[in-house]
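Thanks for coming, everyone. Please have a look at the model on the screen before I start.

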Amino acid sequence: MYIAIVPNRSSPPAVLLRESYRENGKVKNRTLANLSHLPAEQIQLLRRVLRGENLVSPEEAFRIIRSKPHGHVQAVLDMIRQLRLDQLLAAKPCRERDLVMGMIVQQVIFPCSKLGATRHWHTTSLAEQLQVSDADHDDLYAAMDWLLERQERIENKLATRHLTEGSLVLYDITSSYYEGHTCSLAKLGHNRDGKVDRPIIVYGVLTDQEGRPLSVKVYEGNTADPATVPDQIEILRKRFHLKRVVLVGDRGMLTETQIPSV
């Protein structure tokens, strides 16, 4: 038996299942069925069976030994690209950008240390997606140094994207306590975590009116909140080139002596 394709002038070709046989020493053919109504995939499978091929189902031909979780990784990467966060980090792709993006995704799906991140990358598809499977924690710290060098450019891009003349700008201070003894910024100060016997590092964060971060500046732990305000005004005026903004902070920060400079 075989499948024959018979052309039709005004209609699609007819697909016929035919059989060859001998009669009085002559080879003849007869049609057993019209297969024209079948999908092309089924016709092709039937043709392979008639040729004597052994067909195996995908379940029998393949065995899944191990699969890495991927959906949550892809969801975060898609959101990063939708927000154009990758373009904020660097306009052109590079290994450092991929490493930083990997650390960002890692903090979203499973927060951990730099060393823990490089280990956890091998349990999901993240490292393969960003082509950083060979990275170790030293590579991540080097990428953080690269990111620090680009901080002002990134913040300037954020300001261009989210601020205009007359914008409302929110500013606040936070801190985190420090367990080590080698950081020059760690000083005893107003500890917001209640760890009065631990040195702290202070962070000042500028955001737009929607709460989107625009700039972050790190201070020694013994820096008073009002003392950080002039730096933020300089950022707004000199780096972001804004002449008129509305700066909102709490009363412990925007003291009467600070308001005239604002």
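First, the ground rules. This is a predicted model, where local features need pLDDT of at least 70, side-chain atom pairs count only at pLDDT 80 or more, and totals for chains, interfaces and linings use all residues. Residues are numbered from 1 along each chain as its sequence is written, and side-chain values use heavy atoms, with hydrogens and water left out.

Start with helix 5, residues 95–109. Helices here are DSSP runs of H or I with at least four residues, strands are E runs of at least two, and both are numbered from the N terminus. Helix 3, residues 71–82, crosses helix 5 at roughly 125 degrees, and their axes come within 10 Å. That makes helix 3 oblique to helix 5. On angles: under 35 degrees is roughly parallel, over 145 roughly antiparallel, 65 to 115 roughly perpendicular, and the rest oblique. Axes are lines fitted to C-alpha atoms, for helices over the stretch in contact, and angles run from 0 to 180 degrees between N-to-C directions.

Who meets whom? From helix 3 come His-72, Val-73, Val-76, Leu-77, Ile-80 and Arg-81. From helix 5 come Met-101, Ile-104, Val-105, Val-108 and Ile-109. Contact means heavy atoms within 4.5 Å.

Now the other partner. Helix 8, residues 137–149, packs on helix 5 at about 105 degrees, with the axes 9 Å apart. So helix 5 is roughly perpendicular to helix 8. Helix 5 brings Arg-95, Glu-96, Arg-97, Leu-99, Val-100 and Met-103. Helix 8 answers with Asp-139, Leu-140, Ala-143, Met-144, Trp-146 and Leu-147.

Stay in helix 5 for Gln-106. Is Gln-106 buried or exposed? Gln-106 is buried, at 0% relative accessibility. Buried means under 20% relative accessible area, exposed over 50%, and partly exposed in between, with a 1.4 Å probe and protein chains only. Leaving out residues up to four places away in sequence, Gln-106 touches Pro-111, Cys-112, Ala-117, His-120, Trp-121 and Leu-126.

Last stop: Ser-167. Where is Ser-167 found? In the loop between helix 9 (151–162) and strand 4 (168–177). Ser-167 is buried too, with a relative accessible area of 11%. The side chain of Ser-167 reaches the backbone oxygen of Thr-164 at 2.5 Å. Again leaving out residues up to four places away in sequence, Ser-167 touches Arg-244, Val-245 and Val-246.

Terms used. Polar contact = N/O pair within 3.5 Å; in protein donor to acceptor, adjacent residues only side chain to side chain.
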